[in-house]
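Dear colleague,

My findings follow it, arranged by topic.

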Amino acid sequence: MDYQIARHNMVENQVRTNKVTDPLVIAAMEEVPRELFLPEGKRGIAYVDEDIPVGNGRYAMEPMVIARMMQSAEIARSDVALVIGAGYGYTGAVLSRVAETVVAVESDKEMASIAEKTFQAHSYDNVIVVEGDLAEGYAKQSPYNVIVFDGAVAEVPANILDQLSEGGRLLVVVRAPGKVGVARLYERENGVVGHRDLFDANIPYLPGFEPAESFVF
């Protein structure tokens, strides 16, 4: 497979056709080799228009959703970004082509190690992988200008919203039980966090962020 051609076709047919016009986002999607951030057995499907299962209940989020969320975040070159759920590193890699610094939190020790090695091997020098509980974020480096969840959540933990800077933006797909997921933008203005819905996106939950079980009597 010619990955470069496949990547270009992904940008033209999946990204541009879904209202992504930000030249920085398009350039980042065109530049980052998605296949490098997948297990070897999944690289042949790196550019399909869907979420790719990568093991342990984790998925590589579909490129169109990443691109649209990044565009909505209006990321500046000086921004510091946090990724919740680094996985094998793709979302962090794409963000690193736009933001100044990216901190990527990963709870799976093996995934975190592989992502870090991939970043080092391919000169993604402005991405830091931190092993830790996804639900805790990474307050040590906060506040962040941008926070992106690499997977859906039933709700956003308040302690992660607390890690947003003034003017900061948090992008996440929120999925209520039995409903279609929606990409949502949270923003902190004058110390208050508000949000608005952007577009439908039915991606899988990040482990640990599923809806709490409810009991019917």
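How much space lies in the largest cavity? The model is a predicted one, and in it the largest cavity holds about 110 Å³ of space.

**Cavities**

The count comes to 2 cavities of 30 Å³ or more. The largest cavity is lined by 16 residues, and those closest to its centre are Tyr59, Ala60, Gly87, Tyr88 and Asp150. Two or more residues of this lining come from each of β2 (58–60) and α4 (90–96). Strand β2 gives the most, with 3 residues. By class, the lining of the largest cavity has 9 nonpolar, 4 polar and 3 charged residues.

The second largest cavity holds about 90 Å³ of space. Its lining includes Asp51, Gly57, Arg58, Tyr59, Met61, Asp150 and Gly151. Ile203, Pro204, Tyr205, Leu206 and Pro207 also line the second largest cavity. At least two residues of that lining are supplied by β2, and at least two by β6. The lining of the second largest cavity divides into 7 nonpolar, 2 polar and 3 charged residues. Tyr59 and Asp150 are among the residues closest to the centre of the largest cavity, and both also line the second largest cavity.

**The sheet**

An open sheet of 7 strands runs in the order β5-β4-β3-β6-β7-β8-β9, and its pairing is mixed. At the edges stand β5 (127–131) and β9 (192–200), each of which pairs on one side only. From one strand to the next, the twist averages 15°.

Two of the pairings may be described in detail. Strand β6 (residues 144–153) and strand β7 (residues 164–174) run parallel and are joined by 6 bridges. Within this pairing, Tyr144 has Leu164 in β7 as its bridge partner. Strands β3 and β4 likewise run parallel, with 5 bridges between them. There, Val80 stands opposite Thr101 in β4. Strand β4 is mostly covered, with 5 of its 6 residues buried.

**Helices on the sheet**

Which strands does α3 touch where it packs on the sheet? Helix α3 touches β6, β7, β8 (182–189) and β9, and its direction makes about 155° with that of β7. Helix α5 (residues 109–121) also packs on the sheet, where it touches β4 (101–106) and β5. The direction of α5 makes about 165° with that of β5.

Is helix α3 largely enclosed or largely open? Since 10 of the 11 residues of α3 (residues 63–73) are buried, the helix is largely enclosed by the rest of the structure. The buried residues are Pro63, Met64, Val65, Ile66, Ala67, Arg68, Met69, Met70, Gln71 and Ala73.

**The pair α1 and α2**

Helix α1 (residues 3–15) packs with helix α2 (residues 23–31) at an angle of about 145°, and the axes of the two are 8 Å apart. From α1, the residues Arg7, His8, Met10, Val11 and Val15 take part in the contact. They meet Ile26, Met29, Glu30 and Glu31 in α2. By class, this contact has 5 nonpolar, 1 polar and 3 charged residues.

**Backbone geometry**

Most residues other than glycine have a negative phi, and most peptide bonds are trans. The following points of the backbone may therefore deserve a look against that background.

Lys19 is not a glycine, yet its phi is positive, near 70°. Lys19 lies in the loop between α1 and α2. Is Lys19 buried or exposed? With a relative accessible area of 63%, which is over the 50% cut-off, Lys19 is exposed.

Glu74 follows α3 and has a positive phi of about 50°, although it too is not a glycine. Glu74 is located in the loop between α3 and β3 (80–84). At 65% relative accessibility, Glu74 counts as exposed. Helix α3, with 10 of its 11 residues buried, is thus followed by an exposed residue.

Where is the cis peptide bond that involves Pro143? The bond runs from Ser142 to Pro143, with omega near 5°. Pro143 is found in the loop between β5 and β6.

With kind regards

How values were computed: Residues numbered from 1 in each chain as written. Predicted model: local features only at pLDDT ≥ 70, side-chain atom pairs only at ≥ 80, totals over all residues. Heavy atoms only, no water. Axes fitted to C-alpha atoms, helices over the stretch in contact; angles between N-to-C directions. Helix = DSSP H or I, 4+ residues; strand = E, 2+ residues; numbered from the N terminus. Contact = heavy atoms within 4.5 Å. Nonpolar A, V, L, I, M, F, W, Y, C, P; charged D, E, K, R; others polar. Buried < 20%, exposed > 50% of the residue type's maximum accessible area, 1.4 Å probe, protein only. Pairing = 2+ DSSP bridges. 1 Å grid on protein atoms, 1.4 Å probe; cavity = no way out; pocket = protein on both sides within 12 Å on 5 of 7 lines; lining within 4 Å. Points joined across faces, edges and corners; volume = space filled by probe spheres on them.
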